[in-house]
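Hello,

Here is the structure I promised to pass on. Please open it first, then read the notes below.

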Amino acid sequence: MSKTAKSERTRTEILDAAWALIAERGASVSLGEVAAAAGITRQSVYVHFGTRGGLLLALVRRADERADIWKKFDAAFATPNPRERFRACLAVWFDFVPHIYPVASDLIRLRATDDEAAAAWDDRMNDLRQAFRQLIRGLDKAGELAGQWNVTKAADFLWAGTSVENWGLLTRDCGWSASHAAKTIAAALERALLR
């Protein structure tokens, strides 16, 4: 095995161990704890990620890669009918949320006091907001956006309405099934945003 391949395998093993540990115990775990879970030294974690912030950022990006989320969004964006495109994009997002919820909810919880957790979460949310702006621009261009909305406000509302926090409140606190929460949120957003 080449040195590059071995390094990539170690990096992947660190990220997988970190995901499992954070999902179980929360994002405030130390790099030493991540290293122990991966069966390597703490120095190895630093070599691969530089800082805890670098690890958290790589971790959330790896979740995207593992689920092929952007490839799925691209396929949803290729849907010709604007309303069906809207529904397809929300279906992609809500299929992804249950997989990221254990780690995402803790990053969200830590945002106010942990700059590294905030930076990792904000990085992913910035990409999602851009995708939603693109979706809303397409709806507006097709004449499907309700008259009271402009593209920026509608995209912001869509992003906030589909938040991991909202999904978590319905599924964890209220006991809704993941599919019922997704369908209800998506239908409410469609009624609010589209003609």
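**What turned up**

Searching the whole structure gives 4 aromatic pairs. Keep in mind that this is a predicted model.

Two arginines sit over tryptophan rings. Arginine 66 lies over the face of tryptophan 19, and the distance to the ring centre is 5.4 Å. Arginine 129 has its charged end over the ring of tryptophan 159, 4.5 Å from the centre of that ring.

Next, helix H2. It spans residues 31–38, and its buried residues are Leu31, Val34 and Ala35. These residues cover an arc of only 100° around the axis, so they are on the same side of H2.

What do the buried residues of H2 pack against? Their partners are helix H1 (3–25), helix H3 (42–49) and helix H4 (52–67). Just after H2 comes glycine 39, with a positive phi of about 75°.

Last, glutamate 190. Look for it in helix H10, residues 178–193. Is glutamate 190 buried or exposed? Its relative accessible area is 13%, and buried means under 20%, so glutamate 190 counts as buried. Setting aside neighbours within four places in sequence, glutamate 190 is in contact with Arg83, Phe86 and Arg87. Phenylalanine 86 is 104 residues away from glutamate 190 along the chain, yet their C-alpha atoms are separated by 8.0 Å.

Best wishes

Methods:
Residues numbered from 1 in each chain as written. Predicted model: local features only at pLDDT ≥ 70, side-chain atom pairs only at ≥ 80, totals over all residues. Heavy atoms only, no water. Buried < 20%, exposed > 50% of the residue type's maximum accessible area, 1.4 Å probe, protein only. Helix = DSSP H or I, 4+ residues; strand = E, 2+ residues; numbered from the N terminus. Arc of directions from axis to C-beta. Contact = heavy atoms within 4.5 Å. Phe/Tyr/Trp six-rings, centres within 6.5 Å; stacked < 30°, edge-to-face > 60°. Lys NZ or Arg CZ within 6 Å of the ring centre and 35° of its normal.
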